Structure formats: C-alpha cells, structure tokens
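This report describes one protein chain, shown below with its sequence.

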Amino acid sequence: MIRKLGILAAVVATLAITASLAMAAITFHSGPTVTWNGDGSATATGNLSGLGNTPATAYLQITTSYSYTCQNKGGNTAPGQNSITVLGAPGEQLLGTTDKNGRSTLSVTAFPGTPASTISGNAAGCPNGNWTGVNPTATGAPTATLTIVQGGVTIYGPVTF
C-alpha cells in the first residue's frame, strides 16, 4: 500500500512539473514590435523574460495574398476569382542564451515569398481549366506572424502583425 502511494505521489509530482512547464509564460519588457523594411522584409524586436535555462526559438513568417489574371490560349484575359496565399521562408532566432534570469533580446527578420509567375486556371479561379493564371498582383498588405517555441511547445503566438 505504501509503495503504491509512493508511485502515485511520483506520478502526481511529474504531472505537476510538466503542467507548470507547459503553463510557463513569457513577459515582454519591450515589444514585440514588427518593422517593415524597404526590401519587403520584416523584423520583429523585443526584450523578454521567462525563458529560464531552456532554449527557445522565435519564428517570423511573412504571408502575402495574390490575385492572378486569367488568360486563355487565344490571349484573352479576365480577372481571376481566387486569392492565392504565398508564405515566405520563416526567419528564425535561437533565444537559448539569456542575459540574466531567463531574459533575452529578440531580433528576427523574415523575407516575403515570391509568387509563381503562372498557375493553373483552376487555382486562379478562371472560367475553366483551359485558362492560365498570369501576372500575379498583391492584394492587400502582407502580414508577419511571430511564434516562439520552447521544448516543442508554443509559448507565444502565433501573433500576426
């Protein structure tokens, strides 16, 4: 009976520690802010604490939506109907080296993706599959999404700017 209670106590303690790690929260002392750079890239900055001694990784990804013009084999054009989302490769920063007491400085940059010059007529929302989507045009402003992951668990985000 005492042995079973000891095992039960160990299981409960392990669950409590795991839950406290999963519920650990970071605190931003400045930021996070995202600045759009002249080359279309974006940079997220900030100063945060609550990371402890476990490495974390910050990811920043730019998303842009495009519309295409539909063009048939005869060269006639019509507006496409579908919005196509293009993701850039995420910028990545290791936040493993903390300044003091789990505090770290964030500065991660991401670049936008490049849309395909042509896509299928079906993907572009053309009248039928005999058309091709051409001349991609950005629709609306791009967005940047920041996520911070620690030990395989998302501890911040995703937050879109």
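In this predicted model, strand S2, which covers residues 42-49, is joined to S7 by seven bridges, and the two strands run antiparallel.

S2 and S7 belong to an open sheet of three strands, ordered S1-S2-S7 and paired in antiparallel fashion. Strands S1 (27-36) and S7 (104-110) are the edge strands, and each of them pairs on one side only. On average, neighbouring strands of this sheet are turned by 10° against each other, with direction ignored.

The side chains of a regular strand alternate between the two faces of the sheet. S7 has a covered face and an uncovered face, with residues assigned as follows.

| Face of S7 | Residues |
|---|---|
| Covered | Ser104, Leu106, Val108, Ala110 |
| Uncovered | Thr105, Ser107, Thr109 |

How many aromatic pairs does the structure hold? There is one aromatic pair in the structure. Its rings are those of Phe28 and Tyr156; their centres are 5.1 Å apart and their planes stand at 65°, so the pair counts as edge-to-face. The angle settles the class because planes over 60 degrees apart count as edge-to-face. Phe28 lies in strand S1, whereas Tyr156 lies in strand S11 (residues 153-160), so the pair ties together parts that are 128 residues apart in sequence. Are these two residues buried or exposed? Phe28 and Tyr156 are both buried.

For the chain as a whole, there are two helices and eleven strands. From the N terminus on, the elements follow the order α-β-β-β-β-β-β-β-β-α-β-β-β. The chain has 161 residues, and buried residues make up 32% of them. Among contacts in the chain with a separation of 6 or more, 62% are between residues 24 or more positions apart. The chain exposes about 9,300 Å², of which carbon and sulfur atoms supply 57%.

Note on methods
Residues numbered from 1 in each chain as written. Predicted model: local features only at pLDDT ≥ 70, side-chain atom pairs only at ≥ 80, totals over all residues. Heavy atoms only, no water. Pairing = 2+ DSSP bridges. Helix = DSSP H or I, 4+ residues; strand = E, 2+ residues; numbered from the N terminus. Axes fitted to C-alpha atoms, helices over the stretch in contact; angles between N-to-C directions. Buried < 20%, exposed > 50% of the residue type's maximum accessible area, 1.4 Å probe, protein only. Phe/Tyr/Trp six-rings, centres within 6.5 Å; stacked < 30°, edge-to-face > 60°. Contact = heavy atoms within 4.5 Å. Areas by Shrake-Rupley, 256 points an atom, 1.4 Å probe, with all protein chains shown as cover.
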